[in-house]
Amino acid sequence: MLVPGEQLRANGWSQFMQSGAFMLGPVLGAALYPAALPLPAIMLTDVFGALAGLPSVAVVKIPDPKREKGRAPNIFREMKEGAAVLLRDKKAHVLTFTVLCAWCACSPVHAFPAHDQQALSRHGLARQRH
């Protein structure tokens with residue numbers, strides 16, 4: 001479902017808040033852990049955060065997108081339509097292709113972290129622990 005133009009600003013704020021939460025969450029967790037709080041107590045902060053967010057989700061009405069009459073949902077057709085939109089938009093096409101290439105290059109490296117350390121140490125490139 002595409003966001004209508006008049007709601008793009010709200011979508012931007014939502015993305016901004018989500019990015020902030022993704023950055024601050026680990027920092028706060030790392031700060032709470034050495035504060036002598038047991039791990040279950042730290043995990044409860046996530047539960048309290050979810051409970052605090054429930055009222056806002058309960059208030060917001062998510063509209064049901066109108067479908068063209070006679071067209072049943074079809075994931076392959078929708079993927080084809082999405083790919084056509086990406087190919088028409090040069091900037092989106094380049095960005096998507098760049099991210100795909102980076103993901104394909106980095107995913108195998110991160111799949112086996114222990115193997116990476118062994119391979120790096122064989123070539124003298126591993127970080128030395130002090």
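Analyst: Along the sequence, the protein chain reads α-α-α-α-α, and its secondary structure amounts to 5 helices and 0 strands. Helices (H or I, at least four residues) and strands (E, at least two) are DSSP runs, numbered from the N terminus. The model is predicted: local features need pLDDT of at least 70, side-chain atom pairs count only at pLDDT 80 or more, and totals for chains, interfaces and linings use all residues. Residues are numbered from 1 along each chain as its sequence is written, and side-chain values use heavy atoms, with hydrogens and water left out.

User: Where is confidence lowest and where is it highest in the protein chain?

Analyst: On the pLDDT scale (the predictor's confidence in each residue, from 0 to 100), helix 5 (residues 113–122) is lowest at a mean of 64, and helix 3 (residues 75–88) is highest at 88. The mean for the protein chain is 79, with 81% of its residues at 70 or more.

User: What makes the span of helix 2 agree with expectation?

Analyst: The expected span is 1.5 Å times one less than the number of residues. Helix 2 has 21 residues and should therefore span 30 Å; its end C-alpha atoms are 32 Å apart, which agrees. Helix 1 (residues 8–32), with 25 residues, reaches 35 Å, close to the 36 Å expected.

User: Where does helix 2 have a kink, and where does helix 1 bend?

Analyst: The bend at a residue is the angle between axes fitted to the seven residues ending there and the seven starting there. In helix 2 a kink of about 30 degrees lies at Gly53, shortly before Pro55. Helix 1 bends by about 25 degrees at Leu24, and Pro26 follows within four residues.

User: Why are Glu81 and Arg77 called partly exposed?

Analyst: Buried means under 20% relative accessible area, exposed over 50%, and partly exposed in between (1.4 Å probe, protein chains only). Glu81 has 36% and Arg77 has 26%, so both are partly exposed. Of the 130 residues of the protein chain, 3% count as buried.
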